[in-house]
Amino acid sequence: MPPPMEDSEKLHVSDKITENDDGCSLFLELPEDDPLFEKKKKLLKNKGFDPCGHAYFSCSSSPNWLNSTLDLMIQRARIIQMDEEEIYFADTESIRQGEFYSFRNELEVLNSILSLIDISLSTCTTNKLNLLRYLRDATVNLINKVGENSFLDARAIENCKCEQEKRLLHWSESNGTKTELDVAYFEGEGRGALATRDLQVGDIALEIPVSLIISEDLVHVSDMFDVLKGIDGISPETMLLLWSMKEKDNKNSKFKIYFDTLPEAFNTGLSFRFDAIMALDGTLLMEEIVQAKEHLRNQYDELFPALCNNYPDTFPRELYTWENFLWACELWYSNGMKVMFADGKLKTCLIPVAGFLNHSPCPHIIHYGKVDASTNTLKFPLSRPCKVGEECYLSYGNFPSSHLVTFYGFLPQGKNPYDIIPLDIDGAQADYTKEDSTLHSWSIHMVRATWFSSNHGMFHYGLPPPLLAHLRKAQNPDLRSITTFLQASLETEMEVLEILHSTFHDMMENLGYMGHEAGDETNWDVILALKFKDLQRKIVLSLLSSCSAGKKLVETEFLKCMAEDTRG
């Protein structure tokens with residue numbers, strides 16, 4: 001099943017609004033059905049927040065007081081909106097200081113609060129209007145700052161013709177699509193979508209009628225369905241692959257203009273040749289791509305040549321080659337999207353025009369994928385502003401760069417907080433106290449670049465707290481407190497850092513300390529593989545540097561401890 005673009009996720013908040021004569025209360029509750037409920041509840045309590053608390057805003061309060069209360073509400077919401085990776089890497093001190101976790105988290109937080117304020121504005125009494133408008137303006141200003149800090153600077157290539165894409169856009173609009181976007185080519189990215197006017201939070205950048213969505217319903221009315229429905233265990237996604245292989249050459253297809261805009265090759269990791277795969281030696285991605293290609297080849301061999309032999313008119317041999325099958329797989333992996341239709345059915349679909357939207361860790365659009373029953377259209381609303389002429393980005397999901405290379409064929413701009421390296425460390429649960437077990441008890445452990453951490457001090461080092469806690473307990477099961485400068489604690493701390501330094505040193509040995517320069521004639525797949533490997537090298541180097549710096553901190557404290565013992 002193709003990994004979809006991110007669909008409209010359920011916000012993990014319970015929204016309530018209450019009013020009295022002097023103001024109103026906005027509730028952002030942590031729902032008990034949140035799969036991370038216990039860990040988030042613990043984090044909220046550590047911060048001094050009630051999981052069922054609220055923020056009260058008074059009409060008579062000063063702007064400073066309102067801003068302070070809004071800030072506290074945002075800090076609560078950041079914890080409520082955390083995903084599993086953010087919780088794992090969250091440092092207790094950073095949480096206490098109410099720091100920014102990720103672009104995804106911040107946009108979710110601010111848009112959920114903005115939604116609450118808008119609901120209240122639609123029902124409030126006249127005397128609350130100024131209060132709620134003030135809060136709305138303050139929240140929108142914060143959303144604007146998120147975009148200003150995104151460091152995205154894609155530049156449209158002037159005088160670059162997009163004739164086929166323009167024809168698709170015109171065809172789509174003539175069939176009911178509404179859009180505030182145009183198509184352009186961007187330096188280093190290829191084609192993308194740019195805003196034709198200044199778009200604000202909540203504006204609909206793109207609205208596509210259901211009649212233009214390519215889904216399994218089209219397979220059901222095709223000549224191949226009678227054959228496919230008799231194949232035991234065949235999925236709707238596989239049916240769509242086979243339908244696409246034939247439809248792209250159908251001159252009478254309703255979607256001919258769409259298929260004409262698709263590339264002859266998608267250039268994803270699934271098309272990596274031998275040299276590119278070997279360039280990934282030392283990375284986990286090498287094995288992942290090999291396994292993915294083997295899986296697809298096995299899937300193809302299960303279907304062909306049997307279908308061509310048994311139903312030659314329906315499945316012409318010249319259309320159902322391995323190369324065409326791989327092309328169709330890459331089409332659906334890189335452009336497929338999960339859509340929830342008005343009847344409640346979730347289907348994998350292709351959305352003409354929406355495919356022009358590129359991915360970013362700090363996207364303009366984060367919630368989409370649900371058909372509006374009142375208009376029978378699929379809408380793409382903005383979660384942060386997009387200026388005229390600026391590229392408009394979508395979120396494909398919270399994916400590491402390895403996934404984006406394999407299934408989409410690119411490395412994202414900027415730093416990706418989901419670039420995580422799993423560690424092969426004994427996952428047996430340590431004997432934590434009840435107080436610590438909720439946050440530190442994890443069955444798997446991982447690391448990411450330490451440049452994402454703001455806490456590189458003693459006992460932290462920019463490394464994930466659960467990993468450090470696990471190794472400390474493994475080295476010294478009797479250890480009760482980590483934040484002490486007693487000799488036994490410092491000895492354990494040094495042992496932990498030595499273990500991690502050795503682990504990361506081995507990783508770097510496998511990757512190689514020196515990168516290879518790609519020549520002018522190097523193939524695209526080798527270039528992409530080398531860029532990915534260089535990214536992995538930078539991540540591991542950051543981990544090595546943090547361990548080395550951490551060991552120096554421990555040595556300094558150990559010398560102080562020894563000096564005090566000597567004086568004592």
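This is a predicted model: local features need pLDDT of at least 70, side-chain atom pairs count only at pLDDT 80 or more; totals for chains, interfaces and linings use all residues.
Visitor: Which residues of H7 are buried, and what puts them on the same side of the helix?

Guide: The buried residues of H7 are Glu165, Leu168, Leu169, Trp171 and Ser172. They cover an arc of only 165° around the axis, which puts them on the same side of H7. On the other side of H7, His170 and Ser174 are exposed.

Visitor: What do the buried residues of H7 pack against?

Guide: They pack against strand E4 (178-179), strand E5 (181-186), strand E6 (190-195) and helix H11 (256-261).

Visitor: Why is Leu169 called buried?

Guide: The relative accessible area of Leu169 is 8%. The cut-off for buried is under 20%, so Leu169 counts as buried. Leu169 touches Thr179, Leu181, Asp182, Val183 and Val353, leaving out residues up to four places away in sequence. The C-alpha atoms of Leu169 and Val183 are separated by 8.1 Å, with the two residues 14 apart along the chain.

Visitor: What makes the pair of Tyr88 and Phe89 edge-to-face?

Guide: A search of the whole structure finds 20 aromatic pairs. In the pair of Tyr88 and Phe89 the ring centres are 5.1 Å apart and the planes stand at 80°. Pairing requires centres within 6.5 Å, and edge-to-face requires planes over 60 degrees apart. Both conditions hold, so the pair is edge-to-face.

Visitor: Are Tyr88 and Phe89 buried or exposed?

Guide: Tyr88 has a relative accessible area of 0%, so Tyr88 is buried. Phe89 has a value of 12%, so Phe89 is buried too.

Visitor: Which residues do ring pairs link into a cluster?

Guide: The cluster consists of Tyr300, Phe304, Phe315, Tyr320, Trp322 and Phe325.

Visitor: What is the omega of the peptide bond that joins Phe304 and Pro305?

Guide: Omega is about 10°, and the bond is cis. Most peptide bonds are trans. Pro305 lies in the loop between helix H13 (284-303) and helix H14 (306-310).

Visitor: Which ring does Lys248 lie over, and where does the charged end of Lys347 sit?

Guide: Lys248 lies over the face of Trp327, at 5.0 Å from the ring centre. The charged end of Lys347 sits over the ring of Phe341, 4.8 Å from the centre of that ring. The distance cut-off for a charge over a ring is 6 Å.

Visitor: Why is Asn324 called buried, and which residues is Asn324 in contact with?

Guide: The relative accessible area of Asn324 is 17%, which lies under the 20% cut-off, so Asn324 is buried. Asn324 is found in helix H15 (residues 322-335). Setting aside neighbours within four places in sequence, Asn324 is in contact with Met245, Lys248, Glu318 and Leu319.

Visitor: Why does Asn267 count as partly exposed?

Guide: Its relative accessibility is 29%. Phi of Asn267 is near 55°, a positive value in a residue other than glycine.

Visitor: What is the phi of Phe459, and is Phe459 buried or exposed?

Guide: Phe459 has a positive phi of about 75° although it is not a glycine. Most residues other than glycine have a negative phi. The relative accessible area of Phe459 is 6%, so Phe459 is buried. Phe459 is placed in the loop between strand E15 (445-447) and helix H18 (465-475).

Visitor: What joins the side chains of Glu106 and Arg78?

Guide: A polar contact of 2.7 Å joins them, and the cut-off for such a contact is 3.5 Å. Glu106 is in helix H5 (residues 103-123) and is buried, at 6% relative accessible area. Arg78 is among the buried residues of H2.

Technical notes: Residues are numbered from 1 along each chain as its sequence is written. Side-chain values use heavy atoms; hydrogens and water are left out. Rings of Phe, Tyr and Trp (its six-membered ring) pair if their centres lie within 6.5 Å; planes under 30 degrees apart count as stacked, over 60 as edge-to-face and the rest as tilted. Buried means under 20% relative accessible area, exposed over 50%, partly exposed in between (1.4 Å probe, protein chains only). A charge sits over a ring if NZ of Lys or CZ of Arg is within 6 Å of the ring centre and within 35 degrees of the ring normal. Helices (H or I, at least four residues) and strands (E, at least two) are DSSP runs, numbered from the N terminus. The arc is that of the directions from the helix axis to the C-beta atoms. Contact means heavy atoms within 4.5 Å. A polar contact is a pair of N or O atoms within 3.5 Å; within protein, one must be able to donate a hydrogen and the other to accept it, and residues adjacent in sequence count only if both atoms are side-chain atoms.
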